[in-house]
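Please examine the sequence and the three-dimensional structure shown here.

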Amino acid sequence: FLEHGATQHSVQLYQEVVHVPLWIKFPARHAWAARHGQQVGNRVRLVDIFPTLVELVAGQDALLPYALDGRSLGPILAGRERQPLARDVLLRASFGAPDPGSGTGSTLFLCDGVLSGPFKALAGYRLQDSQDALRPYALGDWMGELYDLSSDPGERRELSAARPDDFLRLLARIEASGAPLVARRADVPAAD
C-alpha cells in the first residue's frame, strides 16, 4: 500500500497490483507436471487460463466453436516458449461509487494500460484522493505514463516525455485493443 499513493486495489494499475503470481498444479501423470516446483518468469494473463485448461483436458489440437482472447500456457509449461516478455498484457481498472444525488452508479476512476516488452503505458483519469470515493474526478486529472520495467520495476521514473515515440506506440496499442475507457488527452474537453 501507498507505493503510488493509494490504499485500494481497484484504483490503479501499477505493478504492486497487477504483478501477481499464478500457481498451477497439474495431475501427476500429465506431461506438464514435470514443471511442478519450477518458477516460470513468463508474462501470462487471466484469459490464458481457460485455453490452458482446454488443452490440458482435450489436447493441443482441441478445436473450440469460438475464438478465445487468451492463448494456452502449454508452450510455456512444455518449455517451448522461452521469451518471458513475449505476451502483451492489456490492463483495465475502473472504480465506481453510487452518485449521492441519484443513487445510480457513476465511474470515478478509469485507466487502461498495456505491458509490452519491457515497457508499460498507462492512460486514464485519476482521483484527486483515492480515499474520497464520492468526489468525482476532474477532466484535468488525465494521466499518461510510461515506465521501463526492466530498469525501473518500482515505476518511479515516468518516461512519457523522454520517450514519446514509445509512449505513443503503446497508446495506439491500447486504442487498437477495443474501445478504450478513456479519451486521449487531446480529445478531452477543457474543464470549466
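A residue is called buried when its relative accessible area is under 20%, exposed when that area is over 50%, and partly exposed in between. The model discussed here is predicted. By that criterion, the buried residues of helix α2 are P51, T52, V54, E55 and L56. These buried residues pack against α3. An α-helix has 3.6 residues a turn, so residues three or four places apart point the same way. Directly after α2 comes G59, with a positive phi near 100 degrees.

Read from the N terminus, the elements follow the order α-α-α-β-β-β-β-α. Of the 192 residues, 37% count as buried. Among contacts in the protein with a separation of 6 or more, 56% are between residues 24 or more positions apart.

The surface may be considered next. The protein exposes about 11600 Å², of which carbon and sulfur atoms supply 55%. F50, L64, Y66 and L68 together make a nonpolar surface patch of about 350 Å². One of these residues, Y66, is located in the loop that runs between α2 (49–58) and α3 (74–77). Is Y66 buried, exposed or partly exposed? Its relative accessibility is 47%, and Y66 therefore counts as partly exposed.

A contrasting case is provided by D166, a residue of helix α4, which spans residues 164–176. D166 is buried because its relative accessible area is 16%, a value below the cut-off of 20%. Which residue does the side chain of D166 meet in a polar contact? The partner is the side chain of R163, at 2.7 Å. When residues up to four places away in sequence are not counted, D166 touches F119 and L146.

Finally, the confidence of the prediction deserves attention. The average pLDDT of the protein is 76, and 70% of the residues score at least 70. Over residues 128–140, however, pLDDT stays under 50, and the model has 31 contacts beyond four places in sequence for this stretch. Residues 185–192 also stay under 50, with seven such contacts beyond four places in sequence. Where pLDDT is low, the predicted coordinates should not be read in detail.

Note on methods:
Residues numbered from 1 in each chain as written. Predicted model: local features only at pLDDT ≥ 70, side-chain atom pairs only at ≥ 80, totals over all residues. Heavy atoms only, no water. Patch = residues over 30% accessible without salt bridge, like charges linked within 9 Å, V, L, I, M, F, W, Y side chains within 5 Å. Areas by Shrake-Rupley, 256 points an atom, 1.4 Å probe, with all protein chains shown as cover. Salt bridge = Lys/Arg side-chain N within 4 Å of Asp/Glu carboxyl O. Helix = DSSP H or I, 4+ residues; strand = E, 2+ residues; numbered from the N terminus. Buried < 20%, exposed > 50% of the residue type's maximum accessible area, 1.4 Å probe, protein only. Contact = heavy atoms within 4.5 Å. Polar contact = N/O pair within 3.5 Å; in protein donor to acceptor, adjacent residues only side chain to side chain. pLDDT = per-residue confidence, 0-100.
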